[in-house]
Amino acid sequence: MGMKTKIALGAVVGIVVIGAVSANAGDSDTGTADKGTSASADRQPGGAKDAGAAGGADAGEGKEKGKEKAEKAEKKASQAEQFKAFVEENGTAQEKEAVSHVTKVQGADEQNDILDTADVYTDFTGGIMGEGTGPAKLIASAFADWKQSENGLVTVYDADGELLGNGQF
């Protein structure tokens with residue numbers, strides 16, 4: 001075998017080893033059998049826990065579940081509602097007026113800082129020559145205050161889906 005062949009073979013073996021190690025690196029559930037048996041014993045009637053301990057645990061969990069439900073309700077609010085709430089709390093009077101026309105926000109929840117795009121829909125009419133062009137800049141500015149990205153673009157549309165304006169966030 002020539003020298004180039006040995007180097008190429010070594011590189012291929014190295015890549016395979018790195019791939020195998022990285023594939024197994026995230027698999028840390030080595031004791032799943034132990035976890036399953038202890039959890040199933042707790043769930044079964046007459047399991048390892050006595051009735052008094054189970055009752056005490058359930059009472060504590062009720063409070064935690066109530067908090068979790070409240071947090072989920074906040075998360076279930078649409079992106080438009082979250083945006084409006086942010087502007088209502090932190091925006092200027094002009095921004096609050098402009099954002100009151102927002103009907104829908106898309107793309108604000110998932111960002112990767114590479115190329116983030118968000119769309120804001122309003123109830124303005126007339127497209128770029130209509131009444132919503134000025135408020136669209138305020139909406140884009142308020143959106144930039146709400147969400148930050150390394151490379152984000154927010155686009156504001158009117159009721160018919162025509163472009164009103166855009167801005168970076």
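Predicted model: local features only at pLDDT ≥ 70, side-chain atom pairs only at ≥ 80, totals over all residues.
Strands S3 and S4 make up a hairpin, with five residues lying between them. Glycine 161 sits in the turn of this hairpin and has a positive phi of about 85°.

Taken as a whole, the sheet is open and mixed, with its four strands in the order S1-S2-S3-S4. Strand S1 (102-106) and strand S4 (163-168) are the edge strands; each has a single partner, so one side of each lacks a neighbour in the sheet. From one strand to the next, the twist averages 20°. Strands of a sheet pair through backbone hydrogen bonds, in either the parallel or the antiparallel sense.

Helix H6, residues 133-146, packs on this sheet and touches S1, S2, S3 and S4. The direction of H6 makes about 30° with that of S4. Helix H6 also meets another helix: its axis and that of H4 (residues 79-90) come within 10 Å and cross at roughly 90°. Because angles of 65 to 115 degrees count as roughly perpendicular, H4 is described as roughly perpendicular to H6. On the H4 side, the contact is made by Gln79, Gln82, Phe83, Phe86 and Val87. Helix H6 contributes Ile139, Ala142, Phe143, Asp145 and Trp146. Sorted by class, the residues of this contact are seven nonpolar, two polar and one charged.

Stepping back to the protein as a whole, the model contains six helices and four strands. Read from the N terminus, these elements follow the order α-α-α-α-α-β-β-α-β-β. Of the 169 residues, 21% are buried. The accessible surface comes to about 11600 Å², and carbon and sulfur atoms account for 54% of this area. Among contacts between residues at least 6 apart in sequence, 53% join residues at least 24 apart.

Methods. Residues numbered from 1 in each chain as written. Heavy atoms only, no water. Pairing = 2+ DSSP bridges. Helix = DSSP H or I, 4+ residues; strand = E, 2+ residues; numbered from the N terminus. Axes fitted to C-alpha atoms, helices over the stretch in contact; angles between N-to-C directions. Contact = heavy atoms within 4.5 Å. Parallel < 35°, antiparallel > 145°, perpendicular 65-115°, else oblique. Nonpolar A, V, L, I, M, F, W, Y, C, P; charged D, E, K, R; others polar. Buried < 20%, exposed > 50% of the residue type's maximum accessible area, 1.4 Å probe, protein only. Areas by Shrake-Rupley, 256 points an atom, 1.4 Å probe, with all protein chains shown as cover.
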